[in-house]
There are 4 protein chains.
Amino acid sequence: MKTIKRIGLVIKPHAPEIEDVMRDLARFAGERKLELRPEEVAARKLGLGAGIPREKVASESDLLAVLGGDGTLLSVAHLAARQKVPVLGVNLGRLGFLTEVPRDEMILTLDAFLSGNESIVSPRGLLEARVLGETYLCLNDVVVNKGAKARMIEFRIWIDDKEIATVKADGLIVSTPTGSTAYSLSAGGPIVHPAVPAMILAPICPHTLSFRPMAVASSSRVRLRILADSEEAYLTMDGQRGLPLHRDSVVEIAWSGLTLQLISSPRRNYFDLLHEKLGWG
Amino acid sequence: MKTIKRIGLVIKPHAPEIEDVMRDLARFAGERKLELRPEEVAARKLGLGAGIPREKVASESDLLAVLGGDGTLLSVAHLAARQKVPVLGVNLGRLGFLTEVPRDEMILTLDAFLSGNESIVSPRGLLEARVLGETYLCLNDVVVNKGAKARMIEFRIWIDDKEIATVKADGLIVSTPTGSTAYSLSAGGPIVHPAVPAMILAPICPHTLSFRPMAVASSSRVRLRILADSEEAYLTMDGQRGLPLHRDSVVEIAWSGLTLQLISSPRRNYFDLLHEKLGWG
Amino acid sequence: MKTIKRIGLVIKPHAPEIEDVMRDLARFAGERKLELRPEEVAARKLGLGAGIPREKVASESDLLAVLGGDGTLLSVAHLAARQKVPVLGVNLGRLGFLTEVPRDEMILTLDAFLSGNESIVSPRGLLEARVLGETYLCLNDVVVNKGAKARMIEFRIWIDDKEIATVKADGLIVSTPTGSTAYSLSAGGPIVHPAVPAMILAPICPHTLSFRPMAVASSSRVRLRILADSEEAYLTMDGQRGLPLHRDSVVEIAWSGLTLQLISSPRRNYFDLLHEKLGWG
Amino acid sequence: MKTIKRIGLVIKPHAPEIEDVMRDLARFAGERKLELRPEEVAARKLGLGAGIPREKVASESDLLAVLGGDGTLLSVAHLAARQKVPVLGVNLGRLGFLTEVPRDEMILTLDAFLSGNESIVSPRGLLEARVLGETYLCLNDVVVNKGAKARMIEFRIWIDDKEIATVKADGLIVSTPTGSTAYSLSAGGPIVHPAVPAMILAPICPHTLSFRPMAVASSSRVRLRILADSEEAYLTMDGQRGLPLHRDSVVEIAWSGLTLQLISSPRRNYFDLLHEKLGWG
């Protein structure tokens, strides 16, 4: 592990107790002689100058703290993965699958991480989506969705250059194991443990009832083409970034080779989290 | 049954064999001394003058023939129901749930209907959706859907003025038994026989996994309000007509009291149709 | 409503707090000059003599109190329906769908019922299953299940004498709306409000993925025949009574025309109960 | 690849065309100077002496041909895996997921295999179930099931010694990717490509609706204990071998380290097979 000198800070500005938790973090950084590198809105709230634009925080930090919800963390996960900066997600409000450290376990989790407890660091692979010459990194999922006014879209799927199906549906979710407990689960996909090297394909409201959720090896490449009868379609990465698709648009999805180091609380393992989030008896 | 003197004609213009089937129908009408009342595009193709605008065909007919697919039939179903004009749907292409008469059974079905065979007429109740002061009749379903860019929408549901749940989801389908085999089925809803007096509520990708499809009595009134956190939402009636919804938009759905007389082939009952469409063993 | 003079009492003997709740009920009966008619095990616990065999309690009561869980209530529901005796289910332990009155609302619910508050009485239709010359009344469901050692069973289904499908599956659940929130829900069936006059057919692990849960009108008759390739099969009524089926065994299921008057708490409507039991939001 | 000198033969005795296909195989073996080693019933039908007991065929062969259905192949898969003998499954009747070579592709598939075409050999990992001191190898799945008369069973699950849930259900299927398209699919489990190193846990009719199908890494160990309230339970391996379980019975399931070499037709890849078997588009 690289020596940690700078803690980046990204926040959900209107989250409950955000001011208090930022101050807890600033105090901790001061005590440990660590430099706090807040994004702009956080810097303003803390009276710490101008701050750094959100998209640069990861590249100027050795550890990234995210205070907010899973959406906040997803907005910087791809940047942190590229910079190989580990991420600690603290949830303000409801327990998240990514921001699973509650406020009152933030300091003990930071302590455990800084003292080298590697058992709380979970490596999470990211997908890479290529479309129209651009490449996007995704921690959770790549989603192709019909437009609100369209009745359904039609697309063809190839896996490793083998055509597997032509599907009429509201859309398709291609997710990592990390994303399997997010949108994919709502669409009927399985829960896939982060240690399984797989991609999950979960159709959204498929017309063919036997076109069921599927997991393929993480070494596979998925290609999807929007067919001519479709009207509007839309591509969304991690529920954060998006762009419109058109007839004959092609999206290619594969493992990126990049991994995010996600820090979890020493008090809660993966199955504890499932248990709590899903209300298992 | 009212005496049938005028056969209205609505078509899907580019359907395979559409010209031939129209001519079969025109010949049949001529032999039986029935007046054919085609919509504009059909009139042009038949060389029968200007024709009638689609939205007026039902009101100027005693029986409405639809040549095309379920979408074509849905575009006029509400008009036919209001005018109490029975509808015969002939599928050109794939068997439909509404257009279930194949081309080569069209004449025998018309003969059976005209000779008073009531066993082939299936009464189908329509829903009424009220939103922003307007009322819409629906044979299949009323759908509230998130916009393509939104991650999900949040809405509250009341049944008969009792609040039943606050739901985060991609949307909600409220369908008739007739619509239970359409979009609702793709979303995980049950198949509901047309003789069951019920409305089906099927959530689309609900965040709460235990919020399952539900059937309530057809005498119930469903009210739905889009909550403040939602971004774009959209309302679609029968997959044909739509309008945008906003925060605090309210949609009210109830049985309309109106019934469409849907004519089916004497060779196929409801369960035969399910069997064939769903590929049951 | 008939004048209530005798309160029958059926219990789950080892339920938590059963002694206390019985005594609360006995005290209430004493104050109101009502005769308590306990089943044998309850009589012993109360020191009230020999008691009545469970299967005779309904016929010697004007109101039947069940202290326990849904299983306890199901064991006498068919008898109470036949005798037209209303039933109050008090749950000791977890909230039930049938025993939905908690201990501390028992007296206020009895008061409301005895003072003629009809809004808390919910009429629940029962199914009638005929097999091998015998007839069984069921409040929740009739289940055909494979034996533990069999891989699957094969059966054919008719509705109103129309053959609808030949199914390979672990089994089939035919349920009332009341039973739709019990076993049928676990098998993927819809929630059906008790006011909907329907029967639900939910296949258990069907081989054909498109053989989905279905609701048919309560006036329909369902017939099912075990086919020759099946090994062991078993029929269970309300999860309480059962018998083995064999190749070519036929089961016929229809509405019985009988209705159970189920008493609920004035503090909780049907949707409140769903909300609480299913953990909606 | 080991030199192939002996072809073992296992059959489904009453399969259609079984005699003809055996003769095709015998003729092929003769032409290639390969020794045919039929099981007893096959030897009798071919007039080739006494034959070998089914459970010894794999150990006396270099290649095992199975003529029948998936059940026939599953009955010897564990023996072939232990002996490292590749298996060719020829379906007589319906296309199988394991017996996917049709009769008229048998010879060309054997030719391709014998000439060293490795692209048609798919390695399939097997699970190992330990119970009551015995170990069982499974190609498809290990199933814990309630008895026919029991309403449900209750069990606790541990993964890698972490308790993950206490479940009330009809049962649990732990399957390999190979088994993901068998019983697990009927229970709502995902399709998992054979190249994904994972085990799938699919609950059968779980009481807790959010206890959804799950995939864990193939390096995980699953432990399951039947809890005290359960009545009868039953353990089935590959739908072929079974034994009763009791209160407090413990079943442990992990990868065995053994792999079956499954031979497929050069004319059909994995996704072609899914397409055909599941009726996709």
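In this predicted model, Arg223(D) sits over the face of Trp158(D), 4.6 Å from the ring centre. In chain A, Arg223(A) lies over the face of Trp158(A) at 4.5 Å from the ring centre. Chain A and chain D also share an interface, with about 2600 Å² of buried area between them.

**Interface of chain A and chain D**

- The contact involves 32 residues of chain A and 31 residues of chain D.
- Carbon and sulfur atoms give 65% of the area buried between chain A and chain D.
- Arg212(A), Phe271(A) and Trp280(A) supply 24% of what chain A buries against chain D, more than any other three residues.
- On the side of chain A that touches chain D, at least two residues each come from strand E10 (162–169), strand E12 (191–192), strand E14 (214–217) and helix H7 (270–278).

**Aromatic pairs**

- Over all chains, the structure holds eight aromatic pairs.
- One of them is formed by Tyr270(A) and Phe271(A), an edge-to-face pair at 5.5 Å centre to centre with 75° between the planes.
- Tyr270(A) and Phe271(A) are both buried.
- In chain C, the ring centres of Tyr270(C) and Phe271(C) are 5.5 Å apart and the planes stand at 75°, so this pair is edge-to-face; the cut-off for that class is over 60 degrees.

**Burial in chain C**

- Tyr270(C) counts as buried because its relative accessibility is 16%, and the limit is under 20%.
- Phe271(C) is buried too, with a relative accessible area of 5%.

Note on methods: Residues numbered from 1 in each chain as written. Chains lettered and ligands numbered in written order. Predicted model: local features only at pLDDT ≥ 70, side-chain atom pairs only at ≥ 80, totals over all residues. Heavy atoms only, no water. Phe/Tyr/Trp six-rings, centres within 6.5 Å; stacked < 30°, edge-to-face > 60°. Buried < 20%, exposed > 50% of the residue type's maximum accessible area, 1.4 Å probe, protein only. Lys NZ or Arg CZ within 6 Å of the ring centre and 35° of its normal. Contact = heavy atoms within 4.5 Å. Buried area = accessible area lost by both parts, 1.4 Å probe. Helix = DSSP H or I, 4+ residues; strand = E, 2+ residues; numbered from the N terminus.
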